[in-house]
Amino acid sequence: MAFGRSFEEFDVGAVYRHWPGKTVTEYDHHLFCLLTMARHPLHIDANYAKTATRYAQPLVIGSYVFSLLLGLSEADVAGQAITHKGFERIEHHAPLMHGDTLYGESEVLAKSGVPGREERGLVEVETRGRNQDGTLIMTFSRKLVVPVTAAAERLPGSGLA
């Protein structure tokens, strides 16, 4: 398989497991929080989290979990995408902590043609993230526009570019 999939390569009901996972370090998480100016003490202040939350440790911010799942799924789902049409139903199910490993999988929910653009198809997937124990951390769905023909067939000289 090439990087990502063309429309024909998506099968409704198929589940693509994204590998490898990503172990979240305190450094990774704090860097993301600092770069995005997310400064809630729940995420960056271990003493606050220890005394003010039931988890007694910092929680990995959901926007980082979401970003990781997008990245983990890129090679299987969005590598050939022309555009993302939108994201829906982003749900947080359980917290992710420093030292946890996030694994992702995406299930194809639906696919259809793009009216007036026969060279493009619309694919809807649900992406799920689980930790190393299999606990469901986050789910979200998205719609992507992908080419109907595989990338290799669209290369210059193939007659399909």
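**Around Glu105 and Arg128**

Setting aside residues up to four places away in sequence, Glu105 touches Val15, Tyr16, Arg17, His18, Glu126, Thr127, Arg128 and Arg130, where contact means heavy atoms within 4.5 Å. This is a predicted model, in which local features need pLDDT of at least 70 and side-chain atom pairs count only at pLDDT 80 or more, while totals for chains, interfaces and linings use all residues. Residues are numbered from 1 along each chain as its sequence is written, and side-chain values use heavy atoms, with hydrogens and water left out.

Glu105 sits in strand E3 (residues 101-114); strands (E, at least two residues) and helices (H or I, at least four) are DSSP runs numbered from the N terminus. With 13% relative accessibility, Glu105 counts as buried. Buried means under 20% relative accessible area, exposed means over 50%, and partly exposed is in between (1.4 Å probe, protein chains only).

Arg128 belongs to strand E4 (residues 117-130) and is buried too, at 11% relative accessibility. Apart from neighbours within four places in sequence, Arg128 has contacts that include Val15, Leu69, Tyr103, Glu105 and Met138. The C-alpha atoms of Arg128 and Met138 are 5.8 Å apart, with the two residues 10 places from each other along the chain.

Over in helix H1 (residues 26-35) lies Tyr27, which is exposed, with a relative accessible area of 59%.
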